[in-house]
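Here is a short briefing on one protein model. Please look over the sequence and the structure before reading on.

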Amino acid sequence: TFDWSTLIANKDREIARLEAAYTSNVEKSGVRIVKTRAVFKDVHTLRLGTGESVRAKYVLIATGGTPNHGEAIPGMEHVISSNEIFHLPKFPERIVIQGGGYIALEFACIFSGLGAEVTVVYRGENILRGFDEDVRTHVHEELKRKGVKVITNASPTKIEKKGETFIVHFSNGETASGDKVLFAVGRDPHTTGLGLEKAGVKLND
């Protein structure tokens with residue numbers, strides 16, 4: 001058996017421990033850490049949220065990614081991403097997951113393993129696009145064998161909230177219900193508002 005609140009508390013404690021260890025090691029190496037926003041003034045200058053300016057010959061941009069839910073649909077405001085999934089106050093007994101990549105399937109396996117009823121929907125013909133065909137087929141069959149419902153060739157078109165339940169309508173006419181709806185379809189570079197154009201950085205779509 002497991003307890004969701006204990007799992008979340010243990011996760012938070014471990015992340016805090018790791019962050020403290022990494023921070024300590026970096027500071028012991030002589031690195032100065034400033035926890036604030038930074039925006040490019042020019043190629044070699046950053047303006048910090050503290051009002052200070054910092055100059056360097058080289059600036060490494062490593063700002064991570066932010067979830068991209070894809071095309072907006074009615075009820076999109078009810079969707080959560082992998083950012084929020086391990087901050088939920090209550091364990092979702094039923095969860096609908098959009099996505100056929102490894103992140104979506106990792107969460108499908110985690111929640112199925114913890115006892116949730118899981119539905120995965122993916123717009124393609126088979127999950128794990130880009131992976132070996134034998135692996136894709138095997139994982140698909142294993143998911144179904146473990147009790148995960150996998151719907152392919154479909155995508156969500158609308159999400160309705162009825163009480164504490166969310167009803168997801170799919171393009172193939174099917175529906176699925178869950179306590180939570182997780183979209184795991186990709187991430188975008190977290191570069192908005194950094195002033196990259198002043199650093200001469202060009203971005204494509």
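Lys57 is exposed, because its relative accessible area of 61% lies over the 50% cut-off; buried means under 20%, and partly exposed is in between (1.4 Å probe, protein chains only). This is a predicted model: local features need pLDDT of at least 70, side-chain atom pairs count only at pLDDT 80 or more, and totals for chains, interfaces and linings use all residues. Residues are numbered from 1 along each chain as its sequence is written, and side-chain values use heavy atoms, with hydrogens and water left out.

**Lys57**
- Lys57 sits in the loop between strand S3 (53-55) and strand S4 (65-67). Helices (H or I, at least four residues) and strands (E, at least two) are DSSP runs, numbered from the N terminus.
- In sequence, Lys57 and Ser82 are 25 residues apart. In space, they are 36 Å apart, C-alpha to C-alpha.

**Gln98**
- Gln98 belongs to strand S6 (residues 94-98).
- Gln98 counts as buried, because its relative accessibility is 15%.
- Leaving out residues up to four places away in sequence, Gln98 touches Ala104, Val121, Ser155, Pro156, Leu182, Phe183, Ala184 and Val185. Contact means heavy atoms within 4.5 Å.

**Largest pocket**
- A pocket is an open set of points on a 1 Å grid over the protein atoms alone, where a 1.4 Å probe fits, with protein on both sides within 12 Å along at least five of seven lines; lining residues have an atom within 4 Å of a point.
- The largest pocket has a volume of about 800 Å³. Volume is the space filled by probe spheres set on the points, and grid points are joined across faces, edges and corners.
- Its lining has 29 residues. Gly99, Arg123, Ala184, Val185 and Gly186 lie nearest the centre.
- Helix H2 (102-113) and strand S9 (156-162) are the elements that give two or more residues to this lining. The largest share, three residues, comes from H2.
- By class, the lining of the largest pocket has 13 nonpolar, 12 polar and four charged residues. Ala, Val, Leu, Ile, Met, Phe, Trp, Tyr, Cys and Pro count as nonpolar; Asp, Glu, Lys and Arg as charged; the others, Gly among them, as polar.

**Second largest pocket**
- The second largest pocket has a volume of about 510 Å³.
- It is lined by 19 residues, and Ala38, Leu46, Leu48, Val59 and Leu60 are the closest to its centre.
- Strand S1 (38-42) and strand S2 (45-48) each supply at least two lining residues. S1 gives the largest share, three residues.
- This lining divides into 16 nonpolar, two polar and one charged residues.
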